Amino acid sequence: MCMVIFAPIFAICAFATCGGYYGHLQVKVDCADRRSNLSINIEFGYPFRLQEVHFKAPLCEATREEVIFLDGNFSSSAQFFLTVGVFAFLYSLLATIVYVFYQNKYLRNNRGPLVDFLVTVIFSFMWLVSSCCWAKTLSEIKTATNPTHVLLLISACRAQENKCTATQEPLWSRLNTSVVFGFVNVILWVGNIWFVFKETGWYKTGHRYPTRSASGKRASEMRQRLYSESSFEQPEEGFGPQLNRQESFNQQVTRQVSFNQAQVSLSLPHSYLGKPVISVRENEVASQGPIILNNKM
């Protein structure tokens with residue numbers, strides 16, 4: 001979504017500030033043997049083939065003029081920067097249309113996100129290279145069009161008796177802005193790599209299917225929790241779970257011990273009371289004395 005909103009805008013700003021630039025330089029030559037002076041206007045612009053830019057300068061020793069050309073050809077870096085901006089703008093518009101109207105086809109078979117991811121990486125790299133090259137080239141253009149350097153190209157200005165000055169210098173704010181927009185596009189497209197990567201199957205696969213070790217760990221924790229809850233009584237409110245479980249366990253042990261003691265205490269009298277009864281009966285029979293039988297005839 002970030003690329004859809006801002007990428008076309010910054011791409012337009014980048015190639016528009018570079019492609020529509022025109023610079024103007026004006027110098028004045030005052031010959032020592034002449035009272036009048038001559039102003040020379042020098043204009044240049046995109047694609048910055050400065051070796052084709054020429055102007056006429058007076059020869060103070062004679063009435064004729066000389067034709068002077070500027071130095072340098074910087075068209076390759078400028079055209080490369082502008083081409084990257086135009087194609088980035090077109091791709092941003094195409095991506096916007098696909099996101100809005102063809103979202104289902106975009107996500108089908110995961111081909112759309114993969115292609116979008118690869119193209120985004122390529123444009124990020126191209127923006128970085130083109131912006132760095134254009135920043136270096138702009139510095140060279142400023143040097144080639146520096147009034148001091150241009151005045152040295154004029155033969156009359158190399159003579160000490162003549163006076164040459166620059167009355168107007170080029171304005172570089174527009175080209176400086178194009179360099180800034182170039183690096184803004186680099187940041188924008190590099191940051192968009194993460195958002196496009198989240199739509200690919202690589203990111204979804206890693207988060208949809210967890211690793212076996214993690215699942216085993218969760219299963220063991222769940223089994224341990226269920227075992228602890230089913231083995232002991234439920235804790236009372238206001239006490240910690242570990243303390244309640246320990247108390248419930250102690251209560252069960254106490255009940256089991258008391259029950260065993262009860263069984264032992266109940267079983268001992270049965271084996272003990274039988275013998276005294278028999279002994280008492282035997283004593284009673286033995287202590288009765290002689291038995292007298294009366295036989296009544």
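Tutor: First, a definition: helices (H or I, at least four residues) and strands (E, at least two) are DSSP runs, numbered from the N terminus. Two strands pair if DSSP finds at least two bridges between them.
Student: Okay. What kind of model is this, and how are residues numbered?
Tutor: This is a predicted model, where local features need pLDDT of at least 70 and side-chain atom pairs count only at pLDDT 80 or more, while totals for chains, interfaces and linings use all residues. Residues are numbered from 1 along each chain as its sequence is written, and side-chain values use heavy atoms, with hydrogens and water left out.
Student: Which residue of β2 is the bridge partner of V29?
Tutor: L38. Nine bridges join β1 (residues 22-30) to β2, and these strands run antiparallel.
Student: What order do the strands of the sheet have?
Tutor: The order is β2-β1-β5, in an open sheet of three strands with antiparallel pairing. β2 (37-45) and β5 (163-168) are the edge strands, each pairing on one side only.
Student: What holds paired strands together, in general?
Tutor: Strands of a sheet pair through backbone hydrogen bonds.
Student: New topic. What is joined by a cis peptide bond here?
Tutor: Y46 and P47, with omega about 10°. P47 lies in the loop between β2 and β3 (54-58). Most peptide bonds are trans.
Student: What about phi of F48?
Tutor: Phi of F48 is near 65°, a positive value in a residue other than glycine. F48 also lies in the loop between β2 and β3.
Student: Is F48 buried or exposed?
Tutor: Buried, with a relative accessible area of 0%. Buried means under 20% relative accessible area, exposed over 50%, partly exposed in between (1.4 Å probe, protein chains only).
Student: Helices now. Which residues are buried in α2?
Tutor: Among them are F81, L82, V84, F89 and Y91.
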